[in-house]
Amino acid sequence: MDASSYIAQHAGSFFDELKQWLRIPSVSADPARHADVRASAEWLAAHLRATGFPEVEIWETGTAESPGLPSVYAYWPAADPAAPTVCVYGHHDVQPVEPLSEWDSPPFEPAERGGVLVGRGASDDKGQVLLHTLGLRACLAAAGATAPPVNLKLLVEGEEESGSPHFAALLRDRADRLSCDVIVVSDTTMWGAEVPSLCTGLRGLTAAEITLRGPETDLHSGSFGGGVPNPLHALAGLLAGLHDAGGRVTLPGFYDKVVNLTPRERELFGRLPFDEKAWLADAGRSQATYGEDGYSTLERIWIRPTAEVNGMWGGHTGPGQKTIVPREAHAKVSFRLVADQDPAGVLAALGEYVAAHTPPGIDAIVMPEGPGVRPVTAPIDSPPVLAGKRAVERAFGREALFTREGGSGPEADLTEILGAPLVFVAAGLHSDRIHAPNEKVEMAMLLLGAEAVAYMWDELAEVSLSTGAR
């Protein structure tokens, strides 16, 4: 029996199992749901044991003073001790479901609708984690084997949707158990069933709150306006100056470490069937594109860094007039980063910029909002990426292209701490409404994703991960 036939025969039981898992409301951001996150880990551990993994463990995270939520680890050694070791990363926690009124059916009661499975976590990331067990069983059945062709490890965390606060420490503590030659990530999206693709990078993120303070109290604008500096005026100018006329960010040294797009990557991105009008409609019915001069929309959201004003406030915002010079003004800003930018370096540049653009008589404070997330890339010519590309092409029956994503995750910690390259093989779609009401997954895409990973273990077993030779 080949892998495709096995998957088709077992699709019904696969989706029954996925629905069981989706019914567990493992919302890591909600303390009232932390017991459910643990129940989700226990469900997955039992499923992995039933799949045949000889080693399955629930790993606690955090400390006694700062407890975390559990991750699940599993290991299945290859018959050949010289086989490469692959670690699959995913997460079993999910986003909050509010606003509930916008769901067409209860978010934790998965519903099938014409080949689509609707429910929180269906795409992000339970469906994409579970396809690995179906793909593994298909791989074994096709080969008549009792062990995978690679040493296979799974690490499925329970805090990704809360920023993975304990994940780096877990990786360091368990680095010996997680040692591997390549890391497979299934927590991204594909362009579509008709245009299969592999993600080759995620942007990083850093954010801060800016506070400008002037007089000790709000002042009567008739008595003092025009005579003392106004924090809101200063903040408006400071924020407006974050970009030049060409849309480039003006922080000092902001682009010094940016890795530019290669001509080959630009050519491959240009082959994607991008409909800008449809994209604008999906972007909240936006009326025009915007961004750095000289780059396409896809390039702007995938491979160029950005600065965004997320919010600003100060002074009187209630009904009616209150003619004052406000004592302070505030703004929240964030920056999406690309290789090889560092969150700490960008925050330092922000502090330098704010200091240089704050007028006399106003005090400025820049308060970072966490350590940030580093960007990560998987070069399109790396051996693991090429192996993943061949596997996807076998499953989908057509050429696979490359994409990137604008979002951020813990993949930089994975590749740095474990010292292994990344390959992104996913079956989600941009239209899956992840993080939004009515999250869904195309059921046929999950089955094709399972088929791709069934082929990928053989592809990775046959490739030299250092040279790419087969």
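A residue is called buried here when its relative accessible area is under 20%, and at 0% Phe 335 therefore falls in that class. Keep that cut-off in mind as you look through this structure, which is a predicted model.

**Aromatic pairs**

- Phe 53 and Trp 76 make an edge-to-face pair, with 5.4 Å from centre to centre and 65° between the planes.
- Phe 53 sits in the loop between α3 (34-51) and β1 (55-59), while Trp 76 belongs to strand β2 (residues 71-76), so their contact ties together parts that are 23 residues apart in sequence.
- Phe 254 and Phe 335 form a tilted pair, because their planes meet at 55° with the ring centres 6.2 Å apart.
- This pair links distant parts of the chain, 81 residues apart: Phe 254 is in the loop between α8 (231-240) and α9 (263-270), and Phe 335 is in strand β14 (residues 328-337).
- Phe 254 has 4% relative accessibility and counts as buried, as does Phe 335 at 0%.
- If you like ring networks, look at Trp 191, Phe 269 and Trp 302, which ring pairs link into a cluster.

**Charges over rings**

- Arg 248 places its charged end over the ring of Tyr 255, 3.8 Å from the ring centre.
- Arg 394 lies over the face of Tyr 455, at 4.0 Å from the centre of that ring.

**Helix α15**

- Helix α15 (residues 443-462) has 20 residues, and at 1.5 Å a residue it should span 28 Å; the end C-alpha atoms are 30 Å apart, which agrees.
- Of those 20 residues, 14 are buried, so α15 is largely enclosed by the rest of the structure.

**Salt bridges**

- Glu 439 and Arg 120 join their side chains in a salt bridge of 2.9 Å, N to O.
- Glu 439 is in the loop between β19 (428-429) and β20 (440-442), and Arg 120 is in the loop between β5 (116-118) and α4 (126-143), so this bridge ties together parts that are 319 residues apart in sequence.
- Glu 439 and Arg 120 are both buried.
- Arg 398 and Glu 194 also meet through their side chains in a salt bridge, at 3.1 Å, N to O.
- Arg 398 comes from the loop between α13 (383-396) and β17 (401-405) and Glu 194 from the loop between β8 (189-190) and β9 (197-202), so the two tie together parts that are 204 residues apart in sequence.
- Arg 398 is partly exposed at 37% relative accessibility, whereas Glu 194 is exposed, with a relative accessible area of 56%.
- Arg 248 is partly exposed at 33% relative accessibility, but Glu 292 is buried, with a relative accessible area of 6%.
- Glu 55, Glu 57 and Arg 177 are linked in a salt-bridge network.

Conventions:
Residues are numbered from 1 along each chain as its sequence is written. This is a predicted model: local features need pLDDT of at least 70, side-chain atom pairs count only at pLDDT 80 or more; totals for chains, interfaces and linings use all residues. Side-chain values use heavy atoms; hydrogens and water are left out. Rings of Phe, Tyr and Trp (its six-membered ring) pair if their centres lie within 6.5 Å; planes under 30 degrees apart count as stacked, over 60 as edge-to-face and the rest as tilted. Helices (H or I, at least four residues) and strands (E, at least two) are DSSP runs, numbered from the N terminus. Buried means under 20% relative accessible area, exposed over 50%, partly exposed in between (1.4 Å probe, protein chains only). A charge sits over a ring if NZ of Lys or CZ of Arg is within 6 Å of the ring centre and within 35 degrees of the ring normal. The expected span of a helix is 1.5 Å times one less than its number of residues. A salt bridge is a side-chain nitrogen of Lys or Arg within 4 Å of a carboxyl oxygen of Asp or Glu.
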